[in-house]
Amino acid sequence: MKTASRLERVLDEGHFAVTTECGPPRGSNAEVIRKKGELLRGFVDAINVTDNQTSVVRMASIAACVMLKEMGLEPIVQMVTRDRNRISLQSDILGAAGLGLNAILCLSGDHQTFGDDPEAKNVFDIDSIQMVQMVSEMRDKHTFQCGDPIKGVEPRFFVGAAAAPFAGPVEYRPYRLAKKVQAGANFIQTQLIYDIAAFKVFMEKVRQLGLHEKTFILAGVGPLKSPAMAKYMKESVPGILVPDELIRRMTDVGAPWASKKKDELTKEDKKARGEAYKTEGIKICIELIQQLQEIEGVAGVHVMSIEWEEAIKPIADGAGLLPRPVMTEKISANATDS
């Protein structure tokens, strides 16, 4: 054990881990975070708190993480290199550790042109791989990136990184993952997986490289909310493969309402159709998790419900992932490597 992270212990003891995401509000209302935390309590092992996702200004990830920590939950602070140089990154890492946070996900971040303030200046002083190495060395070598020693207690984070198995060039993705593992990534959360056959090909190469023995890989999954969402993912989101079969399944669910013209649909019709879509989306997500559990090297799942926290319980329950393991033994935040 390198840290006091609950997620690390769950994975280290061989449990199939479950993580999810929590998007902070576009305001300062702490109750938004607390409400989301309560919806997730008991159904996951850790909760990512996004860092200005899609380059839109939101409550700081570190602040929201502390709120979840105070509720007895395990947050994973996300930190992107888009908005900070290496000085600011290391400062925030020290601050997050001082506030008792134990896990971090190192990301480059969405380009600012995707957000609502496209003229904002980016930083990208270092990339996500360099950030993984920086955090790992702050913990294991007790040094800042410049080589100076850290005075006092070093930050001890369970260090994570992301992987996009189907981003182009696809054949390069396992090697980019290998760079993150070599840099010190203790766990990996992947982009959304809907095409199991394609993911098996990716994981076969991962196993050939021995990466599954050096890091914990959590496969990304997420419930589809409608056929339109499935089509959008397939056609407009780079790095996500959605098989036509899943789009047909989602479309077929709407068959009882397909004969009506758009202006003929009542509010009740629209509500019933929406619920039918969501039910099928949850069912598909459960099936995907069950298939992912059979793939060697997959240590858990990262469920991205995208502002639909209510879906996490039925997904975890339907996939047989409840109850979550209870970690009782306390581990010192200053524990050294064995």
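These notebook entries cover the salt bridges I looked up in this predicted model.

**Ground rules.** The model is predicted, so I note that local features need pLDDT of at least 70, side-chain atom pairs count only at pLDDT 80 or more, and totals for chains, interfaces and linings use all residues. Residues are numbered from 1 along each chain as its sequence is written, and side-chain values use heavy atoms, with hydrogens and water left out.

**Entry 1, the count.** I searched the whole structure for salt bridges (a side-chain nitrogen of Lys or Arg within 4 Å of a carboxyl oxygen of Asp or Glu). The search returned 20.

K36 sits in helix α2 (residues 30–40) and E309 in the loop between β8 (298–303) and α12 (312–318), so the bridge ties together parts 273 residues apart in sequence. Helices (H or I, at least four residues) and strands (E, at least two) are DSSP runs, numbered from the N terminus. K36 is buried at 8% relative accessible area. E309 is buried too, at 5%. Buried means under 20% relative accessible area, exposed over 50%, partly exposed in between (1.4 Å probe, protein chains only).

The closest N and O atoms are 3.4 Å apart. D244 is partly exposed at 42%, and K234 is partly exposed at 38%.
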